[in-house]
Amino acid sequence: KLSLVSAAAIGLKIDHDQVDTNAVFIDAENTTAIVFDIQADALQTQSIARFYSASSHTGSRNLVKITNDHSSATGAKTLFLDQNANQTALQIDSESTDQSVFYLDAGGTTSGIGLNVIGNGLTTGSAAVFSTSNTGLATTANGGLVEILSTGITGSNVNTLLYVHNDDASSVNTIPFKIVQDSINVAVSIPSPATTGDNVFQ
């Protein structure tokens, strides 16, 4: 057991120069107690924790990695954010130009949901907003600000790539799908290989 009391200087400093060993390693057999607990109830303008790297090495790596390494631990979430104040819970500031800012790989999901947004308290807000003010936007005719793509060979399976459902008969003023076009170009373009007898609209 180690107890440190600091009045002014750094309470604990580790200067580690060994390149191939851990600077800090914790092997804990905890079952009902927290392994690493930080409490900072007096914070005003600083952070509880900071993970910083200025390495210029181009090797692939994760600056922070959380792994739940047992398939039977179905009740374990890898990261949980609980924001009780009226402020953003998660903010990502990325300077990447041609890489994904947020990448979600749900390749193992079959009957579950890849991304689930629930906004049961919404009144005048939105569940999701995709916006850009870039005057150089040029997605070309085969792309868009938002894209829904399906590249799997689904054969005769019945699928819907975009499904909009107003699931309350009394919501008589709810419009399931609305497009506002302020320019003189077409509002909806539907290229389709449909032949005679096929329906573009059903």
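This is a predicted model: local features need pLDDT of at least 70, side-chain atom pairs count only at pLDDT 80 or more; totals for chains, interfaces and linings use all residues.
Biologist: What share of the 202 residues counts as buried?

Modeller: The share is 0%. To be called buried, a residue needs a relative accessible area under 20%.

Biologist: How many helices and strands does the secondary structure of the protein come to?

Modeller: It comes to zero helices and zero strands.

Biologist: Why is the protein called more spread out than a compact globule?

Modeller: The globule rule gives 17 Å for 202 residues, but the radius of gyration is 25 Å, well over that value, so the protein is more spread out than a compact globule. Along the principal axes, the C-alpha atoms fill a box of roughly 80 × 45 × 45 Å.

Biologist: What share of the contacts with a separation of 6 or more comes from residues 24 or more positions apart?

Modeller: Those residues account for 0% of such contacts.

Biologist: Why is arginine 61 called partly exposed?

Modeller: Its relative accessible area is 40%.

Biologist: Which backbone oxygens lie 2.9 Å and 2.7 Å from a polar atom of the side chain of arginine 61?

Modeller: The oxygen of histidine 57 is at 2.9 Å, and that of glycine 59 is at 2.7 Å. A polar contact needs a pair within 3.5 Å.

Biologist: What makes threonine 140 exposed?

Modeller: Exposed means over 50%, and threonine 140 has a relative accessible area of 58%, so the word applies. Threonine 140 also has a positive phi, near 65°. Most residues other than glycine have a negative phi.

Methods. Residues are numbered from 1 along each chain as its sequence is written. Side-chain values use heavy atoms; hydrogens and water are left out. Helices (H or I, at least four residues) and strands (E, at least two) are DSSP runs, numbered from the N terminus. The radius of gyration is taken over C-alpha atoms; the globule rule is 2.2 Å times the number of residues to the power 0.38. Buried means under 20% relative accessible area, exposed over 50%, partly exposed in between (1.4 Å probe, protein chains only). Contact means heavy atoms within 4.5 Å. A polar contact is a pair of N or O atoms within 3.5 Å; within protein, one must be able to donate a hydrogen and the other to accept it, and residues adjacent in sequence count only if both atoms are side-chain atoms.
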